[in-house]
Amino acid sequence: MTFHYRDGTFATDTSAFTLLLAAFAYEAKPVIAVWFSCGAASAVAAKLTIERYGATHDVRLLNNFVLEEDGDNRRFLREVSEWLGYPVEQVAHPDYPNCSAVEIFDLRKFMSSPKGAPCTMLLKRGARQHWEQTHDVAWHVMGFTAEEEDRHDNFILTERDNLLPVLIDAGLTKQDCFDICLAAGLTLPRMYLWGYPNANCVGCVKVNSPTYWNHVRRVHPEVFAARAEQSRRLGVRLVRVRGAGKGERTRIFLDELSPDYVGGPMKSLKMPDCGIFCEEKPRFKLINSSGTYRKALWPTYLSAMRAAA
Ligand code: SF4
């Protein structure tokens, strides 16, 4: 066996003592954790990461399974794994092996609030943080696309600053990612075909748009009914509709939402792929409203981070 050292030398001696020394001196490649969410953007992010860093880094493709996702997401995961020639590893919170958001809502007696959702905290962020405790991660990759640069900036300010913005650097939009997947012969998850903006859980509790919920009611009436029952039982008003006054918004229960209510168009929903969306914290507040802080310092900071990768 040959062991490569940091200084470029290597060992071929297989005596027990040498192997022991070599094991201590062996320099593993730095790990890049690519969080694949079964969406088109994170699939392309994984491809770019492997192309760019696969030779110099240990690229790991990771997925947080959530039971409430559509089953076709698993088929897409397998296709992407074959396309890239890399396994996709499952990362779950050990305390919640069923990976069920619905189960967590009942356990926590809580579904969603402006500050987040318990499925996010436990099945996504909690699982990731648990994985990080046992793996030394140099960089993370998520599927932030070119039009989501502000989300990316917010994420590195509020959550992790060791993020590689591979899609943003390449200038790839969400549509570009769809096109790349289709050109590669992949069949996108059927959630997109059903008119959802992403492949997130069906009936995602972080969305308060009445347009979204009426779409769920039409396409997945059984999920709509289940969320309506659970949210009423737990006292959670999941939908935000126009209030009586100008510009006013009010929260209502799902079972109070009229099937005829017309909200904003589905495509205007700011709702990226599950991994990002679930982990996102409320927007970071700039020091002043003109954004002077970020405009002045951010590009320098970002290029330093990218250069170090
Ligand atoms: S997609 Fe929505 S419901 Fe599913 S885990 Fe993320 S925040 Fe929770």
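Reader: At what angle do α2 and helix α8 pack, and how far apart are their axes?

Author: In this predicted model, α2 and helix α8 (residues 174-183) pack at an angle of about 70°. Their axes are 8 Å apart.

Reader: Why give both an angle and a distance?

Author: Two packed helices are described by the angle between their axes and the distance between the axes.

Reader: And what do we call the arrangement of α2 and α8?

Author: Angles from 65 to 115 degrees count as roughly perpendicular, so α2 and α8 are roughly perpendicular to each other.

Reader: Which residues make the contact?

Author: On the α2 side they are Ala-40, Ala-41, Ala-43 and Val-44. On the α8 side they are Lys-174, Cys-177, Phe-178, Ile-180 and Cys-181.

Reader: What about α4 and α5, at what angle do they pack?

Author: Helix α4 (residues 101-108) and helix α5 (residues 118-134) pack at about 125°, and their axes are 9 Å apart. That angle makes α4 oblique to α5. As for handedness, α4 passes α5 in a right-handed crossing.

Reader: Which residues of α4 and α5 meet there?

Author: Ala-101, Ile-104, Phe-105 and Arg-108 belong to α4. They meet Pro-118, Cys-119, Leu-122 and Leu-123 of α5.

Reader: Let me step back. How many helices and strands does the chain have?

Author: The chain has 13 helices and eight strands. It consists of 309 residues, of which 34% count as buried. Among contacts with a separation of 6 or more, 72% join residues 24 or more positions apart.

Reader: Where is the confidence lowest, and where is it highest?

Author: The mean pLDDT of the chain is 83, and 78% of the residues reach 70 or more. Confidence is lowest in strand β1 (residues 3-4), with a mean of 40, and highest in helix α11 (residues 221-234), at 98. Over residues 1-14 the pLDDT is below 50, and this stretch has 17 contacts in the model beyond near neighbours in sequence. The pLDDT is also below 50 over residues 283-302, a stretch with 12 such contacts.

Reader: Take Phe-36. What is it in contact with, beyond four places in sequence?

Author: Phe-36 is in contact with Ser-42, Ala-43, Ala-46, Leu-61, Leu-62, Asn-63, Val-80 and Val-88.

Reader: Where do Cys-99 and Lys-109 sit?

Author: Cys-99 is in the loop between β5 (88-90) and α4. Lys-109 is in the loop between α4 and α5.

Reader: Is Cys-99 buried or exposed? And Lys-109, buried or exposed?

Author: Cys-99 counts as buried because 20 C-beta neighbours lie inside 10 Å, and the cut-off for buried is 20 or more. Lys-109 counts as exposed because it has 11 such neighbours, and the cut-off for exposed is 12 or fewer.

Reader: How far is Asn-64 from Cys-99, C-alpha to C-alpha?

Author: Their C-alpha atoms are separated by 8.4 Å, although the two residues are 35 apart along the chain. Asn-64 lies in the loop between β4 (58-63) and α3 (72-84). With 26 C-beta neighbours inside 10 Å, Asn-64 counts as buried.

Reader: And Glu-148, is that buried or exposed?

Author: Glu-148 is buried, because 23 other C-beta atoms lie within 10 Å. Glu-148 is in the loop between β6 (137-141) and α6 (149-158). Its C-alpha atom is separated by 8.0 Å from that of Ile-168, 20 residues away along the chain.

Conventions:
Residues numbered from 1 in each chain as written. Predicted model: local features only at pLDDT ≥ 70, side-chain atom pairs only at ≥ 80, totals over all residues. Helix = DSSP H or I, 4+ residues; strand = E, 2+ residues; numbered from the N terminus. Contact = placed C-beta atoms within 7 Å. pLDDT = per-residue confidence, 0-100. Axes fitted to C-alpha atoms, helices over the stretch in contact; angles between N-to-C directions. Parallel < 35°, antiparallel > 145°, perpendicular 65-115°, else oblique. Left-handed = near helix turned anticlockwise from the far one by under 90°.
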